[in-house]
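Dear colleague,

Please find below the structure I promised to hand over. My notes on it follow directly after.

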Amino acid sequence: MANIIIVLIVIVLLGFALKGTFKHMKGESPCCGGGGGSIVLDIPDKKLDNPVLGKKVLKISGMHCEHCAKAVTEAINKIDGVSAKVKLSENEAVVSYDRELDEEQLKRIVKDAGYRVVSIK
């Protein structure tokens, strides 16, 4: 009898965990430790010191909420001469740069933030 109760408790807990996971992956629940989907974070624009030489569009996987977008923006903006604007709805970052840009460094920075660059155009 005790075994049946334990199994039922485990099944119920697993059900709650799966429900939360599905909501999380669909973007309907808080993500990354910071609030719900209706929260819009103020992410200040980074101004470049020199004229913009070019722009690249990075397709990024793993972003689910505004906190993810902020983390990616802040990570990319740490690179000197680079400014990012992340579009969460399109899973992309538009990166402006005023000097030569090392794409491998860009990929590494995004990866270190916990996300993955799928492509660069």
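This is a predicted model: local features need pLDDT of at least 70, side-chain atom pairs count only at pLDDT 80 or more; totals for chains, interfaces and linings use all residues.

Residues are numbered from 1 along each chain as its sequence is written, and side-chain values use heavy atoms, with hydrogens and water left out.

The core

I60 is also among the residues with the most contacts inside the largest nonpolar core, together with L58, I76 and V95. This core has 20 residues; a nonpolar core is a set of buried Ala, Val, Leu, Ile, Met, Phe, Trp, Tyr and Cys residues joined through side-chain atoms within 4.5 Å. At least two of its residues come from each of β1, α2 (66–77), β2, β3 and α3 (103–112), and α2 gives the largest share, 4 residues. Helices (H or I, at least four residues) and strands (E, at least two) are DSSP runs, numbered from the N terminus. In soluble globular proteins, nonpolar side chains tend to be buried together.

The strands

Strand β3 (residues 92–97) is mostly covered, with 6 of its 6 residues buried; buried means under 20% relative accessible area, exposed over 50%, and partly exposed in between (1.4 Å probe, protein chains only). E92, V94 and S96 point one way from this strand, and A93, V95 and Y97 the other way. Strand β1 (residues 54–61) runs antiparallel to β3 and is joined to it by 6 bridges, two strands being paired if DSSP finds at least two bridges between them. Within this pairing, K56 has V95 as its bridge partner. Strand β2 (residues 82–87) is likewise antiparallel to β3, over 6 bridges, and V82 stands opposite Y97. β2 and β3 form a hairpin with 4 residues between them, and N91 in the turn has a positive phi of about 50°.

Salt bridges

The count comes to 7 salt bridges, each being a side-chain nitrogen of Lys or Arg within 4 Å of a carboxyl oxygen of Asp or Glu. In helix α2, E74 and K70 lie 4 residues apart, about one turn of the helix, and form a salt bridge with the closest N and O atoms 3.7 Å apart. E74 is partly exposed at 42% relative accessible area, as is K70 at 27%. D98 and R99 form another, at 2.9 Å between the closest N and O atoms; D98 is buried, with 7% relative accessibility, whereas R99 is partly exposed at 32%. In helix α3, K107 and E104 are 3 residues apart, and their side chains meet in a salt bridge at 3.8 Å, N to O.

The surface

M1, I4, I5, V7, L8, I9, I11 and L13 form a nonpolar patch with about 840 Å² of accessible area together. Such a patch joins nonpolar side chains (Val, Leu, Ile, Met, Phe, Trp, Tyr) within 5 Å, from residues with over 30% relative accessible area and no salt bridge; areas come from the Shrake-Rupley method with a 1.4 Å probe, and for residues only the protein chains shown count as cover. V7, in helix α1 (residues 2–25), counts as partly exposed at 46% relative accessibility.

With kind regards

How values were computed. Patches are made of residues with over 30% relative accessible area and no salt bridge: like charges are joined within 9 Å, nonpolar side chains (Val, Leu, Ile, Met, Phe, Trp, Tyr) within 5 Å.
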